[in-house]
Amino acid sequence: MGKGGSLSDGVIKKILLSYTYVAIWIFLSFTVIVYNKYILDKKMYNWPFPISLTMIHMSFCASLAFLLIKVFKVVEPVSMSRDLYLSSVVPIGALYSLSLWLSNSAYIYLSVSFIQMLKALMPVAVYSIGVLFKKEGYKNDTMVNMLSISFGVAIAAYGEAKFDTWGVILQLGAVAFEATRLVMIQILLTSKGITLNPITSLYYVAPCCFVFLLVPWVFVEYPVLKETSSFHFDFVVFGANSICAFALNLAVFLLVGKTSALTMNVAGVVKDWLLIAFSWSVIKDTVTPINLFGYGLAFLGVAYYNHSKLQALKAKEAQKKTAQADEEGGRLLEEREGEGSGKSSESQD
């Protein structure tokens, strides 16, 4: 009875911890998105400098990651040669900087709710680029699913009350660069046996992003900031924003490490619906019935895609276990045959 009770308590504790990690990630992801919108939107804080904001994030995250790895030794660094860094991390850093720059820029032109709807295209972009680079196999049923997601997003875009073409181009560009980055991580790092958690990833990638962003910043934002002499850097606003951005990376590390990447995908869907509700009720963004219908179709497509990926993972895991069992059975059979032949030779003697 005591053992049964303790087991039950352990299971309940594990479930509660999992939900806690999910809640923390949703809260921080939600906070960073709304906070970035608040800073960049001309009707709110009115600081429309997405490159500068991204550079502040990168410098802060790189500094904290350095302290956690080199000073406090909370996380072990990954051994990486100069050639590997230049050939693998630098291209990923370039793609990440472009993705962050464009996605932050989109907040100036589009509502939070509509941006979340456009982000539903991420599986479509990842799958398409994966097929292009031969990391994913082409399947007709998967492509039909991708087209259904795209169709849903197109309906949501058609129903958008404050549609801005430039904003949509920026967000779609951000999705394309982020999808390419995810595929490149598989090609350039995972295939070489290198795994980076969010802390080591920031340690290696954030300085690289900062350097890449410095080039457009000098020509695009620096001249404007130089003329805006009235602006004074608010350490509270930008410091809190940077802490939230770094904490979000830690939350990703916790969520994926303690649960799974699939849990994060499911939590992401919950977060998107919460952001749409918040955008409509608090920020007072217009969300039309056509918006919701289109996003609902896209959501069903994404849910089906995640379900298919889960089934494929389960099948792969079952196949792996079967192969291991067969291998173990073969080894035991060989051992028994060896013992039998040994006994036979002894009896003959």
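Modeller: A definition comes first: a pocket here is an open set of grid points with protein on both sides within 12 Å along at least five of seven lines. A volume is the space filled by probe spheres set on those points. The model is predicted.

Now the second largest pocket. Its volume is about 260 Å³. The lining of this pocket comprises 14 residues. Nearest the centre lie K37, D41, K43, K162 and D285. By class, the lining splits into 8 charged, 5 nonpolar and 1 polar residue.

The fold has 12 helices and 0 strands. Read along the sequence, the pattern is α-α-α-α-α-α-α-α-α-α-α-α. Along the principal axes, the C-alpha atoms fill a box of roughly 100 × 50 × 50 Å. Of the 349 residues, 41% are buried. Among contacts with a separation of 6 or more, 84% join residues 24 or more positions apart. The accessible surface comes to about 19,600 Å². Carbon and sulfur atoms account for 66% of that surface.

Last, the cysteines. The structure holds 0 disulfides. A disulfide needs two cysteine sulfur atoms within 2.5 Å. The sulfur of C208 has its closest cysteine sulfur in C209, at 6.0 Å, so the gap is too far for a bond. C209 is likewise in no disulfide, with the sulfur of C208 as its nearest cysteine sulfur. C208 counts as buried because its relative accessibility is 7%. C209 is buried too, at 0% relative accessible area.

Conventions
Residues are numbered from 1 along each chain as its sequence is written. This is a predicted model: local features need pLDDT of at least 70, side-chain atom pairs count only at pLDDT 80 or more; totals for chains, interfaces and linings use all residues. Side-chain values use heavy atoms; hydrogens and water are left out. On a 1 Å grid over the protein atoms alone, a cavity is a set of points where a 1.4 Å probe fits but cannot get out, and a pocket is an open set with protein on both sides within 12 Å along at least five of seven lines; lining residues have an atom within 4 Å of a point. Ala, Val, Leu, Ile, Met, Phe, Trp, Tyr, Cys and Pro count as nonpolar, Asp, Glu, Lys and Arg as charged, and the others, Gly among them, as polar. Helices (H or I, at least four residues) and strands (E, at least two) are DSSP runs, numbered from the N terminus. Buried means under 20% relative accessible area, exposed over 50%, partly exposed in between (1.4 Å probe, protein chains only). Contact means heavy atoms within 4.5 Å. Accessible areas come from the Shrake-Rupley method with a 1.4 Å probe; for residues, only the protein chains shown count as cover.
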